[in-house]
Structures are given as structure tokens and as C-alpha cells.
Amino acid sequence: MDFEDSPEEARFRAEARAWLDANAKLKTARDAGDPLGEDDKTSLKAAKAWQAKKAEKGYARITWPKEVGGLGGTPMQQVIFNQEEAKYDVANTGAFAIGLGMCIPTLMAYGSKEAIARYVKPALRGDEIWCQLFSEPAGGSDVAALRTRAEKDGNDWVINGSKVWTTGAQFSDYGLLLARTDPTVPKHKGLTMFYLSMKQPGVEVRPIKQASGASGFNEIFFTNVRIPDSQRLGEVGQGWQAALTTLMHERLAVGGGTGGALDVPQLVQLARELELEDGPAIKNAAVREKIADWYVRSAGLKYTTYRTMTALSRGQQPGPEASIAKIVVASKLQDLSAFAMELEGEVGALTGEDGVENGAFQMGWLGAPGLRIAGGTDEILRNIIAERVLGLPQDIRVDKDVPFNKAPTGK
Amino acid sequence: MDFEDSPEEARFRAEARAWLDANAKLKTARDAGDPLGEDDKTSLKAAKAWQAKKAEKGYARITWPKEVGGLGGTPMQQVIFNQEEAKYDVANTGAFAIGLGMCIPTLMAYGSKEAIARYVKPALRGDEIWCQLFSEPAGGSDVAALRTRAEKDGNDWVINGSKVWTTGAQFSDYGLLLARTDPTVPKHKGLTMFYLSMKQPGVEVRPIKQASGASGFNEIFFTNVRIPDSQRLGEVGQGWQAALTTLMHERLAVGGGTGGALDVPQLVQLARELELEDGPAIKNAAVREKIADWYVRSAGLKYTTYRTMTALSRGQQPGPEASIAKIVVASKLQDLSAFAMELEGEVGALTGEDGVENGAFQMGWLGAPGLRIAGGTDEILRNIIAERVLGLPQDIRVDKDVPFNKAPTGK
Amino acid sequence: MNFDFSDDQKMLKDQAHKFLSEKCTPKTVRGVYQSGSTFDRALWKQIAELGWAGTAIPEQYGGLGLGYLELCVIAEELGRALAPVPFSSTVYQFAEALLVSGSEEQKQRLLPKVAGCEIIGTLARAEGPGAILPKNIRTTFRNGKLNGKKTAVVDGMDADYAVVLARGSDDAGERGLQLALVDLKQAGVKRRAQQSIDPSRAHAELTFENANAEALGKQGEAWSDLNRVLDRAAILMAFEQVGGADVCLQMAKGYAMERYAFGRPIASFQAIKHKLADMYVGNELARSNAYYGAWALSTGARELPLAAAAARVSATQAFDFSAKENIQTHGGVGFTWEFDCHFYYKRSRELGLALGPQRVWKDKLVTQLELSNAA
Amino acid sequence: MNFDFSDDQKMLKDQAHKFLSEKCTPKTVRGVYQSGSTFDRALWKQIAELGWAGTAIPEQYGGLGLGYLELCVIAEELGRALAPVPFSSTVYQFAEALLVSGSEEQKQRLLPKVAGCEIIGTLARAEGPGAILPKNIRTTFRNGKLNGKKTAVVDGMDADYAVVLARGSDDAGERGLQLALVDLKQAGVKRRAQQSIDPSRAHAELTFENANAEALGKQGEAWSDLNRVLDRAAILMAFEQVGGADVCLQMAKGYAMERYAFGRPIASFQAIKHKLADMYVGNELARSNAYYGAWALSTGARELPLAAAAARVSATQAFDFSAKENIQTHGGVGFTWEFDCHFYYKRSRELGLALGPQRVWKDKLVTQLELSNAA
């Protein structure tokens, strides 16, 4: 048992580092310790430039085959590259994550040769950005209950309806669309997958303002949007099968990178600085209990990730941590931030520049409810663990064999 | 807002006190502060004697009409009498609680004049003890799934099957039996209510040993037990309606008296006596947090009960506390005892005479899992609150309209 | 046994409820959020007309002299409505400080104005993050002059008067503390608006530079007086919290009943049913603890400090849980700015921090248990 | 990145699993419960033949010298099986005490006997309820004589030797402490069996009256030596706890799948599904923390104290939760003597108290964080 690279891994890490040294500079302490993830604000332009650079070398998507611009590498090599890249002061390429992580893989699985030839490389280079158009007001946790209609008209499909919780739609060029082509068959059987340009007439993007004040997501409205049948991915009525691939990728994505920089170390730091009724907060037994409780959860997640990476580096399937990470992190963020605010006392009600540490814990607390919901609620994730990891039976499904337009909706 | 009796209540309390003074003596500090409820061990003989005495005066069941030996009083008067009686060193008449609280009311509702004339008074006086025969191995939380068969044979019914979790069966004279008379109709429609002698051939009572080592419950086995049709209560197939009355009473009973004497005061006492790493346990901030958390739950329950008693004394329906009490008390007992054991340290693993306070917290911790299950599990009680108090819909019932012998059992 | 509010008190509650459900809808709260104003002046004016601020103020000081039970039922309704007005600062804290520590003259002078909502008052305690400790109070009050800085003062931008915890002598400890009553409309007082997690409860930093002020109560008794004020305020605020928690449960229930997923209302899923049952249990316990507090407050019972701490802790926990799980029950839409869930989430935290965090009250609670237990 | 056990270690684990699932079934545990015996001698004899006790004992002391990772996988299997044998006292505590503090001669003399399970050893620390504090240790060790009383000594009725925390000088504090190695088979030692919440883990009170004993390690280093022993033992015991927690989840799952209520397996109800999901999450986190502990133990890493505390706290919490919710998932039958659920419930608590309660380890953990954070 050790944390060392295998010889091959070490060689790859050295290559990656050499390339990064040649193309970027290491982070300073300042950039590194950025609790609020300021770098999310890095302009899209810088992101595209860096993405293009990575793409030239095949580092943009290491596990993809060389033919489509990847490196034909292993998942572990991707992990290693990410670890190394994180040490450098480079643009945040998160804007491409959904496109490359979910949309393009679906396109590569179901798209025509021409489509693949046309769209993969530009997406990989960051020249074109993709978004995912599944969630709807009527859908939510029950994604397949979506209502956006795609009706055949000659050789075209006409799209009407709306999508919600779409990340990055405001700067996306294309979207992966799941729409209902037949409401007279059961929910999962009437869906079809398409892709479309986000820039064409009839597509309207509106930002959603969240409780926290931020606007990371969008609502999309489709009004008689025409797309050719050639932009269909997979067979008519087979959209759910395609979507499952996409969603599986999403869980990994969201599950993986969560929580942000606000965790036990920041709480320990705060506790060192504050004085309570009985002395320094860090010496208060109740504070120490909480710190320990949260630490074992954070550490447990970290080492669970190490176990997964070990599995990866042995060429095995990823472990369960993708599904447990968000359950643990989201609630911890909510509770830990609330606790920190209580340590701050009445002043804990202040935020922004007036808040302690510029309101870092207040921001965490305001964002936490969203984290407990986005990409699968705590409840949905527990269902997933129960059903997919533990193999427990599904709940009773009353809508399973009912035509979609006959299924109960309460309306 | 006050805690005073109304004039009528005060008058009744005075009467009760006078009668109690004449017939019993006040508890000494010793009897009072009995954490382990030693008095449960009081012999049945003493209990019967005291019960008979109460019955003469109508105090055995204050809310019952005078004709059947009650006092024709109000629920509030019953509460007042119980409060006063608790101050006296009298026999514990718990052995009659199930009979008088559940069985006899059902008999009075569904029994013949003759049956009522024959059974009510002896039960009230404690001369005859009744037990309730509903739960079965196959039933559990799903009581109506019981399998004990009652088959018509001439003018008799022949009972075969077994019951479980029966309190007091070992010393009961009669039992209230819910049995299946028709397995070909849906679960709830094939049940019929009977009563029978526990002393007749074919009835075997075996104690159940619990994880705690105690044996408060029994298993009952019926082998070709014959009972006349005259011992049927209500119509054939109407047993569930009868049972609902009985069960409603049970919830109130179990919900009401719970937890026993082990609560915050005992924990505070322990914390005063023990020394931790940083000084007296009672001064440890983490200990104080826990004490406060549990205190507000205990106090909240206590004052919720006051609100219910107020409703009673105004002639209104009892409030929700019957259903919330056990959820709160059972988990609190489990957590609080476990915490106390941790304060005791390695010595916390000792029990009996070797344990701190004769292993009081160890006993509480060993009994707590049973309290979380008996008389409705935490989960069932949450369903009850959700459905009956908040009015949320039932879960999907796949066995609702299925003949009982066709319903899935996994076997 | 009469552990409930009287019919008159319930009638008052119904009236308050009717009034607020008309005059203080979520739109009202949203208005304050978006206008950037510090509170809703129109609503405050109407509350003045109803005389609510004088509910518990004796008649000889221009109040209605109804009593604390009446004030509790009004507080619960203000809590339900998240009323964006400086009621709690002015009534639960400023007025109570005057009643606890004020001289006859001070009461005569100011309480009638409070009763009529002619003035807004507040309490200024904190000078920085962490516990508020006597030894750390640096604001000074000497020869009628107040100097120093207070932070996170609720309604500090609008208050006409503040009761300020200051040091009145060289004694560095509790005995050296003095409560000072200061008119904030003077040159020696600078105010700076501070961003709050709850935009409908404005906070401010107050800086005093030789501001003229007067003593409130005796020096050396400031700390114990202050705690008596906080105990009373905690009980009244507990009713606001219980009211807010109750609305969260109702919102969550309403949404869960109408929202369908997988062909059934989400209210039929055990995860939701049990979540709501837990909310209900917590809210019931909090309500009962608050009732006990109301009894202790209205009778000035010996148990007041214990009752106040229990009411405070229980109500804070209930509102916290109900507010966050209400959002969770709503799912994505519950986290949008358009839905009202976040108003309650933010208010639950703000009320849980004003008057001091749970920790402080839990400590007070156990201290009371030790005393009673020792007795 | 190679954060997993090797194939050889996994093979060893499989062998241990096969052996124990044959030789140590729940019946074995029940046997000890009902016979009133202190442990299963037949099983102990077979474990001796397998040489497990010597897994991490260097070859020059008669052990297999395999290492701690190998001992960890065996510990997990012993935990799964609730093996009623004095393994943890003898191997995790007594042997480690010898390795940490023993002289060459003492190691030569005793470790080979431990490796062959020829002797049973244990550690005696507590003298009463509450924290074990240097200043409160009243047992004395002077001129080779041990006097005093120790309580709640695990396997104390059967141990041949004990390492006893005693006071070796007049120094009333930590520096005055001395570890004493005592042969329990002598007139000066009285043993009294004590009732334990876990009848399959026998406890005893040991009384020393001028018992002959020898010093183990240097005076003044006793306390730090003891803590080093406890850190190592905590990691090994964490694997027993993780094994036990894992079995609880499997039992709960198995029962929930076959138990039907309302016409469906109870495993299809969200209340049960989410309960089991929570067990799974807790168990996974505990396993990962235990793995990190195993790495630190096997490499003697600087992080050992932090890793030990985290493994201990995480494993204790996971086993507690899984054991109690396993009973809850079973319902009534889960609380019967006939079902095996209560064996795990009782063991979870016993392991959680032996080596000291969570509180102590949480405090150690944060102390380590303060150090690392300061560094």
C-alpha cells in the first residue's frame, strides 16, 4: 500500500509536468488558497485559448482515441494530468466540461460519421461550446417526465417547450436535446435525442436567479424551432437509452468535483481566531467535537477517492464514491457553514465585505441548499445507492406502463 | 395561561386525594426515585387487591359509565387521578392496562349484553386479566397480514396459528383474538374478531427472550382451539374495523407512558460526578450541548402533554403528542444512554452491580432498540404523523385489492 | 390545567393573522429585498395604528397594558409573515431594556413614543466576531459621552435610539459595564449600512465619537440587566421563529401534495413524508417550549431564565430545520429567487444569530439546570 | 497510487474469511453467551495453529513478520465473525506494548509465546469511571511491587500477563507514571469477573497486593508510550469495527429483501432504502479512514496519530449506526435473543468503549490538526 505512481504513471506525470512547465506557470500561494473559487470568473476567452493548447497535445481529453483528438490514454492518466494542471495558474476550462463530458460522448455514440467529423474537434478545442437540454420544470427528479415536444413535419422536427437548470447555455453554441416525440406511449418509450444550434431563431435563453443571488443556470424556451432529421441521435423513441449514457457521465462529473474550498481547515482557522465564553474557540470541547466529526467525513471521502483512483490505475471500474461524495459534501457544507456563523455570533449575520473572511461561510451556507439539489437531490442519490450499489428493489412505479399523456400529474 | 385546576377539577382532585389518603400511604423519597422501575416487580396479588379497591369506588376506570363500574367521569379526571395515585406507594396495576384499555372497550363495543354483563366487571376489578392477540410473525408493521386461521365447524370456530409480542399472556385469563376467516378476499376484508379463554386446551404460551435479556412478551400457539360462535365480536369479515378501535387505544397507551425514569436529570447527575480530560464533565462544553439538546426535547414533550391535558380539560380531542412522544423518547433514550456510557469511559462497558449506578444507562441502552420498535416502529409512527396528522397520501398499496392468498409474500 | 392562550388572545391572533395576510404578503418581503430599502414603512405605519408595539407596555407609559401573552401571539404572526419592520428591535429589545433598567423619567419620556411607533429603538452589543464578553467591551461611556464602535446592529440604520453596552469605569470586568441610552440623530454618531444574509433585516455599524448619551440603569448591573432583557426578547422572538417554522412546514406540505413525480404526488414518497413528520415533531416541541416561555414571561416566574433558554434553543432548531428542508422538499425551484422559500431560510438564520447563537443559550440552559438541580 | 491491499494480502483475507465462516459462526458466539465461559478455547487453539497472533511480530521474536497490513485484513475478518477470543487484548495491546516499550530481553521472553498464543495478555488502565487521567492513577509500582486496583480489564479473567499503568514515583503527574509488566498467576493478584454489556467480551477487576512485577519501558515515558500503543491498537480495532459494520449492513439488506410487508419487500420502501444507503455511506467512509490508518501503521508514518484517531472515530460511528439500524430494520425479531442482531449491537458498543470513547479520540484528532495546521 502506497501513494506512489507506477513507473508508467510516473513517466506520464513527468511528461505532463514538462509540457505544463513549458506552457504555463505554477500557482502562487495567493492563487492557490482561494476559498471562493475566484478563478471561475476567468474569461471565456482565456479558457478557449488554454483548451485549444491542450487539444493540440491531446491533453484536452486524454481518454479519447487519437483519431478524435484525444491521447488514447487511461482514466488514471486523466486524473494525473488534472492533479498536475491544478498546480498551475491556468484558465478554468469548466465551461467545456458538460459538452466534452456528456454531450460529445453521446454524439460519438449515436451520431453519423459526418456529425462526428464536424463537431468533435471544435468542441475539443473549445471553439464550440455545448450544453445539455434534459431537465424541465415538469421533470425535476423525474427527468423522463419531460414535456418538450418534437413533432415531425416533413423531413424536419419542430420543437416546442422549455428546459431549465441548463448550465452555460448563455455561451453555448450547440445543445443536446431530449424531447418527447410520442406522448401516447409510456414515459420512457416516447423520447428521442437530438442536437441543435443554440443560436437559431426560436431559441431563447434566460438566466435563472438563485436564492444565493448567483445565476449559474438558465431557462431555455423553444418556439417552433425547426431542425432536420439528420440532427436526430439514435432511433426515434430510443432517446432514454441515449440519455442514460449521458446521465451516468453527469453523476460522475457532479459527484467528483464538489464542495469547493470551504471545509475543516477553514473552520479550524476560524476557531483559532475567535474567542468564546470559555476561551479560544479551538479549545472549546463542543467545537472540537464538530471539527472531528466533519474531518472524518472529509478524510473518509478523500481516501475513498484514492481507492477509486487505485481501481482506475489497475484498469478497474470506478468505485461508489461518485454517488456518496455529493451526499456527504453538500450536507457538511450546510452544517459546517451554519456552525461557523454561530461561532462568529451576531456578526455571523453579516456577509460580503462586512462578513468575517468576506462572508466565506455565509456564501457557503447560502449555496449549500443548491448543492443538495443540483445533479440529483440527496433523496435521489440515496435511491441510486440503494438500487445500483446495494441492489435493493425500485419503489413501486405507477406510471411505468401508462401512456405518458394518461399518467397522473395532479393537473 | 396557568397550571391550576378548574374549580371542578380541584374538587375532584381533593376527593381523589382524600380517598387515596384513606386507602394508601404516600411514597417515600426512596420509592419515588426508582430509576429502574423496580415496582414493575410488584406481585400480581397486590395489584389485584389494589385494583379491586379502586373498582369499588369507580376509580378503576373513571371515564366508563357507572353502569359498567366506572365513574362516568371525564378524561381529565382520569389524568388527575393518575397524577395523584402516582404520589402513593401503591401496587402497579399495569397488568390490567391492556385489558381495560383495549380489549374490554372492544368487547363493550361489539359484545352481546350477556358478554358485557359477564366480563366487564371482573376485568375492571382485576379478577380476570385480558391480553391482546393481534401481532404475528408474518404481520409485524403490517398487522392486517396476519395468518392465524379461524375456520367454521358447525357452530364453532377452530383456531390454528400463532401470535407474537403478546404482553402479559402468561398471566392472562382471556384474550382478544383477531383471526383470518377468509383468505380468498383482500387482506383487510377476511378478518374476524373473537375472544377466548387462554386457559383452554390447545393454547400454549411461551415467553420471548429479548436482546436485553428480559422477557416481557410471549409467543402464543393455537392448535385446533375450538370456540363457540357466541365468542365472535362483530360480523364475520368485519374484524379489521373492530381492530382499528383497539389499535387507536394502543397508540395512545404506548405513546403516553414511555421512556421511564432515565432522562436529562440522571445525565446531569452523572456529569456532576465524573471528571473528564478538561475537568468536571458538567463543565465540558460538548456535554453541555448534549444536555441542552435533550432537555429541550424532554421539556417540549412535557409541555406538549400539558397542551393536550388542557384540550382534555376543555372537553376537546387529545392532541398529537401520543404519536410524537415515542419517536422522541425512544431515540433520546438510545442516544442519551450511549452518551452516558461514553462519559463513563471503559467502565461504561460494565453492567449490573459492576456498572455505574447499577448499570442504569447500560440497561436503558439495551432496552432502547425495543422501545423504537414496540407499539409501532419509528418508521410506522412517522407514517402515522404524515398521514393522520398532516394528511399526506398513503404510500402505494399493491396488496389492497388482491385476495390475501394471492398477495406477494416472497415465499 | 389551562396551558393555552385564552379565547381573547386567540381572537387577537386571528385579527393579526388576517391583517398581515393582507398587508404583509411575500410580495411585501420581496419588495424590501429588491428596493434595497431597510424596511417597509407603509406596513410599519399601519402597525402603529393598530398599537401592537404597546401591547405589553403598561398604560401609564402609553401602552395598551394587555400583557406578554398578547404580545406573544402577535409575535408569532409577525414571524409567519416575515414582517420586514423594526418591531423586534424596538419592542422586544429596546422597550424591554427601558422597562428593565429605565428610570421613571426615561420610561415616561420614551415608552409612549415606542407604543405609538413614533420612534425606532435597538440594542447594540457586538463589537466583533465571537462571544460578547464583558472584558472585551471597548466602547466607553464617561461623563455623558459615548465613544466606540458597535457592529451588526439590527435596524441600526433606522433607529432613533439605541441602548448600548459600554464600559462606564476602569473596572475591566462585568462590574465596569454600563448601559447607555443614546439618541442616534446627532453629529457624534456615524452609521454605515452592512450587508446581511437576510436583506429584509437591515444591519448597521454604529460609530460613536463623543456622542451625548445618558446612563440606563445602574453601573455594575448592566450585564445582569442585559441578560434579563435578552431572556424576555428570546421568548418573544421564539414565537416569531415558531411562526416561521410553521409556515415552512405548510409550504413544504402544499408543494409536496401538488408536485407529481413518477406519476404520484411526491407527498406519497416516504422520504418526503418522514421529512415532513420530522419537521412537525420539531415544530410541536418548539411551540410547547415557547408556550412555557410565554407563561414564565407573563407571570415573571422564577423559571424565566430556563424557560427562555429552552424556548430559544428549541425554536431556533425547529426553524433552521424546517426552513432548509422546505427548500429541499421543493427541489430546484425552491432554490430560485422567484420562489419564497429562501426568505424563510435566510430569516431562520438571522433570527438564530440575533440575541446570540444557540451555543450561548444552551450554556445558559445548563447553568439553570445546575442551579435548579442543586436546589 | 496503490491505496489498496495487495493480492497476497487479499488472499490471506479470503483464507481468514473461509476459516472463520466455518469455525466461528454466530452459533460460536451464542455458545459463549450461553455457556457463561469467557471465550471460545477451541477457536483460540485453532487460531494459534494458524499463527495469526504472530502476523506482525518480527521473526526474531518468533512471529511471522508479515506486517501490519496483513494483521489488518485478519482483524477485519475477526470483526466480521465477532470472534470470541482474547485476540485484540493479546495482539493489538499486549504485544504492541512489548514492541513499543519492552526491553530486548522482555521481547525475547514473551513475544514468541504471544505469537504462538501460548499466553494471553492484556492492558490494564482504568481505575474508575470518567477519563483516565495521569493525576488520578492510584495504582503504585515501587521496588518491584504492584499495589492497587484496575477495573474493566478486557480478558482480565484469562490473561496470563498484564501491562499495568501505575505510578512509579512521588511525581503526581504524567512524569510519575510507569508501565508495569505483571504475571497474573501469582498470589498477589486477585481477579473478579465483571458483567459486561457484551457477554462475549469478558471483563474483570484486578486487585494487586504486593504483586511482583517488572518495569516495562522508562518511567516518565509511560504515558506517551501508552498512547503510541493505543494509536496502533485503535487502527487494528478499527478494522474489526469496519468488519462488524459491514456484516450489519449485509444482514439488514438480506432481511429487508426477503421480509414482505404490504405486499412488497420492505427493501422497496424508501425509509429502509435510505437507512441502508446511510449505513453504506458511513461504512465506506470508515473503511477508507481505516485503510489510511493501515498505511500509516505499516509505514510508521508521521501521520500515524491523526490517522489512528480518524480511523477510530469513523469506525466507531459506522459500527454504532449500522448495528442499531440493523435491529431497527429487522423490527421485533431483531430485538429477540434468538436473532443474532444483538450480538453486533453489543459488540459495537464494547469496541467503542475499549481503548477509550470517541470523545477522547476526537480530542486527539483535533490536537493533531492543530499541530499539522500550525506546521
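The following exercises, each with a worked solution, concern a predicted model of a complex.

**Exercise 1.** State what confidence the predictor assigns to the complex and to chain C.

*Solution.* For the complex, the predictor gives an ipTM of 0.95 and a pTM of 0.95. For chain C, the mean pLDDT is 97, and 99% of its residues reach 70 or more.

**Exercise 2.** Determine how chain A is related to chain B.

*Solution.* Step 3: within chain A, the residue that comes closest to the rotation axis is A:Ala286, its C-alpha lying at 1.9 Å. Step 4: both copies use the same surface, since 100% of the contact residues of chain A recur in chain B.

**Exercise 3.** Describe the side of chain C that touches chain A.

*Solution.* Step 1: the contact joins 44 residues of chain C to 47 residues of chain A. Step 2: the elements of chain C that give two or more residues include strand 3 (145-154), helix 9 (304-330) and helix 11 (358-374). Step 3: helix 10 of chain C gives the most, with five residues. Step 4: sorted by class, this side has 20 nonpolar, 15 polar and nine charged residues.

**Exercise 4.** Characterise helix 12 of chain B (residues 378-389).

*Solution.* Step 1: the twelve residues of helix 12 reach 15 Å from first C-alpha to last, close to the 16 Å expected at 1.5 Å a residue. Step 2: its buried residues include B:Glu379, B:Arg382 and B:Ile385. Step 3: after helix 12 comes B:Gly391, with a positive phi near 75 degrees.

How values were computed. Residues are numbered from 1 along each chain as its sequence is written. Chains are lettered from A and ligands numbered from 1 in the order in which they are written. This is a predicted model: local features need pLDDT of at least 70, side-chain atom pairs count only at pLDDT 80 or more; totals for chains, interfaces and linings use all residues. Helices (H or I, at least four residues) and strands (E, at least two) are DSSP runs, numbered from the N terminus. The expected span of a helix is 1.5 Å times one less than its number of residues. A residue is buried if 20 or more other C-beta atoms lie within 10 Å of its own, exposed if 12 or fewer, and partly exposed in between; C-beta atoms are placed from the backbone. pLDDT is the predictor's confidence in each residue, from 0 to 100. Two residues are in contact if their C-beta atoms, placed from the backbone, lie within 7 Å. Ala, Val, Leu, Ile, Met, Phe, Trp, Tyr, Cys and Pro count as nonpolar, Asp, Glu, Lys and Arg as charged, and the others, Gly among them, as polar. Copies are superposed by least squares on the C-alpha atoms of residues with pLDDT of at least 70 in both.
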